[in-house]
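Here are my notes on the model you sent over.

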Amino acid sequence: MNNVFVYCELEGTKVADVSLELLTKGRKLANQLNCQLEAILAGEHLVGVEAQVLPYGVDRVHVFDAPGLFPYTSLPHADILIHLFKEEQPQICLMGATVIGRDLGPRVSSALTSGLTADCTALEIGSHEDKKAGKSYENLLYQIRPAFGGNIVATIVNPEHRPQMATVREGVMKKEVLDPNYQGEVIRHEVAKYVPENDFVVKVIDRHVEQAKHNLKGAPIVVAGGYGMGSKEGFDMLFELAKELHAEVGASRAAVDAGFCDHDRQIGQTGVTVRPKLYIACGISGQIQHIAGMQDAGIIISVNNDPNAPINTIADYVINGSVEEVIPKMIKYYKKNSK
């Protein structure tokens, strides 16, 4: 009762990284609230899969194992969560802001009239005072995300309804094993009690999963360009620099919208979140949405001709100059010193 729940996505029998990241955060939230952390696994052939989540500090694992639960379809997974939550009465539910999470979260929150905050960049526990109603609330989930086009950071609370639901993008939270030998209770549910037979009316005939063409999230060095790169040809310089540094190339939303770079390289609130050891931001102004996706980089270097660019305030080093002048010099230097 009143515990923290995480819906864990599965690819076959492998738990998705975003779910493990949320278990890490969920454990911290549960510690603050002095309650248990519970995980939900729904799929097929799930013998022993709980071993992937228990080390993250999970106290109870709810396993739903039946034909038709993988690949994911909307109806059975929604009914599992709706009926389980009516039984367990969780105070918080977290899931990934993925294709699955964006489909499942609204269905569950609508059925339970609980509300849902999408694409959170931070989750905290705090109090709230409703002066108009004259009420005070303790231990609420602060659901923090950029709003109004990234111009402000909004903190959203849900005082009355439960569970407090939020989705979070992959890479936003850190993934950390709490204890490799952590012991938790594993509950294997009878799926038929939660899912009516007609939920399986939709069957997946064929499924194709395409792997990403690059490894932005795992790259130790990222060279990212913004609208200030000026053109697609301007990004060619970044690819040349990245080649010398053995780095990956990223982009801001403005650069992607302008057609300078492919969408799958977009970094930020509406793209991917990266944590490289070195992040070189070239011609990027540094709006809140972009900063949300790279602020945890080890070292940040900003190359910008605007000394007052917002990204300069979080950069460790600032090179004040035009990208057309600075980037070729960097390429020339690294070529010379890599021989």
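1. Strands here are DSSP runs of E with at least two residues, helices are runs of H or I with at least four, and both are numbered from the N terminus. With that in hand, look at the loop between strand 12 (185–188) and strand 13 (221–225): Val201 is found there.

2. Some ground rules. This is a predicted model, where local features need pLDDT of at least 70 and side-chain atom pairs count only at pLDDT 80 or more, while totals for chains, interfaces and linings use all residues. Residues are numbered from 1 along each chain as its sequence is written, and side-chain values use heavy atoms, with hydrogens and water left out.

3. Back to Val201: it counts as exposed because its relative accessibility is 63% (exposed is over 50%, buried under 20%, partly exposed in between; 1.4 Å probe, protein chains only).

4. Now strand 16 (residues 299–304), where five of the six residues are buried. Strand 15 (residues 278–282) pairs with strand 16 in the parallel sense over five bridges, and Ile280 has Ile301 as its bridge partner. Strand 17 (residues 317–320) also pairs with strand 16 in the parallel sense, over four bridges, with Val303 opposite Ile319. Pairing takes at least two DSSP bridges between the strands.

5. Which residues does Val53 touch? Among them are Cys8, Leu23, Ala39 and Leu41, leaving aside residues up to four places away in sequence (contact means heavy atoms within 4.5 Å).
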